[in-house]
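Please report on the fold and the aromatic contacts of this protein.

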Amino acid sequence: MRLIEDILSVDDRAAIEALLQSDEVRFDLLVSAARLDPRKDFRYSNLRWVDFSRANLRGFDFTGADLRFSSKNADTIIDETTTFDGARIDWIEKEAIPIVQQMLKAQSAGNGDVRKQVIADLIASFGRSQHVIQYLLTATENANTFEEVVDFASHLPRSLPRDQMSRFKSAAQKALQKRVARSQTRTRRSATANLGAAPLIDLLQQAEDSVATQIFDNLSSLMVDNQTTVVLKGHALPTMDDIEKAISYL
């Protein structure tokens with residue numbers, strides 16, 4: 001205990017005591033009770049998972065702060081006096097926190113079967129609400145492999161708005177290109193990368209009605225247009241370039 005007293009100033013100890021005695025939960029009121037300065041004390045700070053519901057954030061300076069997974073609601077006040085220069089922001093609406101927790105579990109799953117089950121449970125619990133769709137899209141953008149992208153895409157509806165479909169296409173193409181680059185690096189042969197197309201096609205074919213099945217349908221049409229019929233039944237295999245084109249046609 002003596003060590004803590006040596007480290008903390010009188011003002012620091014007074015601020016902690018004020019917080020311990022307060023029944024307040026609103027962020028801005030807690031800041032006031034602790035006698036912190038909203039204009040400077042939160043610059044470059046770690047504020048992940050902080051609840052800003054109903055808080056008045058006028059005049060707060062969050063320059064360079066980490067605000068990922070912080071939550072707000074319709075009553076949170078943010079205006080032109082609130083500074084977010086260089087801040088890392090990924091707001092969560094208050095009611096979407098359980099969805100985010102499930103999505104983080106899905107994204108961290110090291111096993112594809114586990115990831116698929118977590119996503120299925122998420123859809124069963126919350127449906128395909130806009131919150132769920134937004135976080136599925138974010139998961140595709142953060143995916144490390146194309147297989148992960150397909151798992152998330154298997155639960156995205158075909159009829160995504162244009163801006164959301166653009167986000168998905170960009171993420172899917174990026175993941176596919178990374179896979180091709182890794183294959184080429186291992187074998188130093190560009191043709192070898194196409195040997196990995198078959199398992200990706202199987203994943204797309206197994207998906208239920210979704211963006212993933214739309215990619216498969218586009219791929220089928222592409223093969224017919226190339227006069228390579230029954231390609232998907234084993235007579236020949238589409239290339240990685242064909243899969244990328246199928247994504248671009250979404």
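## Aromatic pairs and fold

Phe84 and Trp91 are both buried (under 20% relative accessible area; exposed is over 50%, partly exposed in between, with a 1.4 Å probe and protein chains only). This is a predicted model: local features need pLDDT of at least 70, side-chain atom pairs count only at pLDDT 80 or more, and totals for chains, interfaces and linings use all residues. Residues are numbered from 1 along each chain as its sequence is written, and side-chain values use heavy atoms, without hydrogens and water.

The whole structure holds eleven aromatic pairs. Rings of Phe, Tyr and Trp (its six-membered ring) pair if their centres lie within 6.5 Å; planes under 30 degrees apart count as stacked, over 60 as edge-to-face and the rest as tilted. Two of the pairs involve Phe84.

| Pair | Type | Centre to centre | Angle between planes |
|---|---|---|---|
| Phe62 and Phe84 | stacked | 5.6 Å | 15° |
| Phe84 and Trp91 | edge-to-face | 6.2 Å | 90° |

Phe62 lies in the loop between α3 (27-33) and β1 (66-72), and Phe84 in the loop between β1 and β2 (88-93), so their pair ties together parts 22 residues apart in sequence. Phe62 is buried, as is Phe84. One aromatic cluster includes Phe62, Phe84 and Trp91, with Phe27, Phe42, Phe52 and Phe60.

The protein has eleven helices and two strands. These are DSSP runs, numbered from the N terminus: helices are H or I with at least four residues, strands E with at least two. Of the 250 residues, 40% are buried.

Phe146 sits in helix α7 (residues 146-153). Its relative accessibility is 1%, so Phe146 counts as buried.
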